[in-house]
Amino acid sequence: MWAPGSCPAEPPALVATLPVPDAWHESYLPPAISGGLLLAAGGPAPGAAGDAGPDLVALVALDVVAAVERFRVSMPLAVRGAEGSQVGLPRPLPDGRILLPVYRWDESFTVYLIDADGRILREDDLAAGREVELDVYGADVGVKLWQEPLAVGADAYLASWVYRARSWHLQCRDLATGAARWEAPERVIVVAGEVAVTEAEPERPGVGGTVVGRAVADGTERWRLPPAPIFPERARSFGAVVGDSLVLVDRGRRLAAAALREEAIVARAMELDVEPDRIDFDDLARAWEREHPPPGEDLVGYDLTGGHERWRYPVEGEIVSVAAGPAAVRAVTVDAARRCRLERIRLDGQHAHRDEPVTLDAGDEPPAIAYVDDAHLLLASATELVCVSTPAPRTVRWRLPLPDSPLVPRPNPGDRRILAASIAVTRRRVAVRGFDAVRIYAG
């Protein structure tokens with residue numbers, strides 16, 4: 001971003017608004033950055049159907065400094081038409097090439113290897129000959145397959161998808177050849193070095209959520225955390241990777257309290273001598289919470305190699321956004337009184353030390369952490385982008401009003417408590433992705 005000490009006193013200015021393909025759910029997240037290019041993927045190109053031509057415009061590469069389009073990648077539509085093609089998040093590789101997953105409803109799930117100039121180099125059909133077995137072909141009226149973001153490590157990439165929130169699939173493929181290495185009924189959470197962190201397919205609704213560490217090279221299981229509930233929400237959510245630690249959000253205390261609350265509400269309702277349709281269950285819930293304030297959640301650091309717990313920090317309230325900073329974890333929390341705070345957990349080897357939380361003026365909705373480095377921390381709300389000092393987060397450097405909300409939930413079903421922002425920062429530019437356009441601001 002900006003060099004330390006060079007952050008402008010005034011907010012960055014809008015230099016361009018560039019059209020990009022319409023966003024699908026998981027594409028409407030932080031745009032991928034590859035060198036000086038911003039990669040935006042999605043559906044058909046903006047404009048009338050005839051303007052898009054006979055092909056699907058799946059990817060547009062924008063030069064964030066010159067604020068112009070460099071190239072676009074087009075490919076045949078699904079047989080069912082433009083609405084039947086779902087393009088996932090692009091994944092840049094260190095050598096400038098790009099991986100792009102494309103699901104054609106009831107036809108195929110393909111990962112394209114794209115050169116740095118936009119040429120398609122290879123097509124890896126992840127379900128060739130096994131469309132039904134791998135839930136790629138379902139003959140559904142609408143799409144029921146949810147793509148997870150691709151992960152890359154150890155000369156391989158991992159692609160995973162969830163079908164109807166009940167059937168999970170993961171494939172690891174060699175980057176050089178596209179050959180399949182291994183597969184599992186899991187979804188990928190993150191790859192860090194030679195370790196792939198995954199979540200296993202639930203054994204049945206409400207039971208599952210087992211986090212597993214595997215070797216990227218061959219899928220060998222290295223460690224496994226005890227299972228945790230998934231419904232009504234995930235008891236564990238991915239937070240960040242900091243050094244050799246995996247940071248998860250643990251909602252165990254709050255979910256246990258919620259289960260006790262439901263039991264108490266039902267018991268109290270049975271004690272009332274009134275007809276069931278005359279019982280105000282919301283009032284009973286509020287009465288219970290007045291006497292039993294909901295507990296908070298925990299940030300937990302696990303060793304990536306062995307899976308053992310290194311540290312655990314309870315926070316007051318819910319954790320709504322998490323980001324990795326230099327030797328630290330940042331988190332935005334909201335307590336029962338809707339007070340919003342910014343937390344910092346400083347890491348020192350296998351130990352962690354918590355700073356005093358900073359109260360945020362967040363308005364009606366909490367913000368998401370959009371970017372953090374040694375000097376700057378960007379917080380995105382539904383209406384503005386706020387730059388504060390990383391060493392002194394009470395110091396507001398500037399505020400930038402935004403015409404549309406950049407806040408979006410993390411891209412996996414059932415994990416809607418963690419927010420991200422559709423914002424990318426690079427080369428003194430701030431790029432904000434909307435549904436069909438990217439706004440580029442320069443400082």
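A polar contact is a pair of N or O atoms within 3.5 Å; within protein, one of them must be able to donate a hydrogen and the other to accept it. The structure is a predicted model.

**Exercise 1.** Determine where His169 is located, whether His169 is buried or exposed, and which side chains make polar contacts with the side chain of His169.

*Solution.* 
1. Strand β14, spanning residues 167-174, contains His169.
2. The relative accessibility of His169 is 11%. Buried means under 20%, so His169 is classed as buried.
3. Beyond the neighbours within four places in sequence, the contacts of His169 are Glu133, Leu134, Asp135, Ala159, Ser160, Trp161, Ala184 and Glu186.
4. With Asp135, the side chain of His169 forms a polar contact of 2.9 Å. A polar contact of 3.2 Å links the side chains of His169 and Ser167.
5. Ala200 lies 31 residues from His169 along the chain, with 9.4 Å between their C-alpha atoms.

**Exercise 2.** Describe the second largest pocket by volume, lining residues and residue class.

*Solution.* 
1. The volume of the second largest pocket is about 530 Å³.
2. Its lining comprises 22 residues; Arg254, Arg261, Glu289, Pro294 and Glu318 are those nearest the centre.
3. Two or more lining residues come from each of α2 (252-271) and α3 (281-291). Helix α2 supplies the largest share, six residues.
4. Sorted by class, the lining of the second largest pocket holds 11 nonpolar, nine charged and two polar residues.

Note on methods. Residues numbered from 1 in each chain as written. Predicted model: local features only at pLDDT ≥ 70, side-chain atom pairs only at ≥ 80, totals over all residues. Heavy atoms only, no water. 1 Å grid on protein atoms, 1.4 Å probe; cavity = no way out; pocket = protein on both sides within 12 Å on 5 of 7 lines; lining within 4 Å. Points joined across faces, edges and corners; volume = space filled by probe spheres on them. Helix = DSSP H or I, 4+ residues; strand = E, 2+ residues; numbered from the N terminus. Nonpolar A, V, L, I, M, F, W, Y, C, P; charged D, E, K, R; others polar. Buried < 20%, exposed > 50% of the residue type's maximum accessible area, 1.4 Å probe, protein only. Contact = heavy atoms within 4.5 Å.
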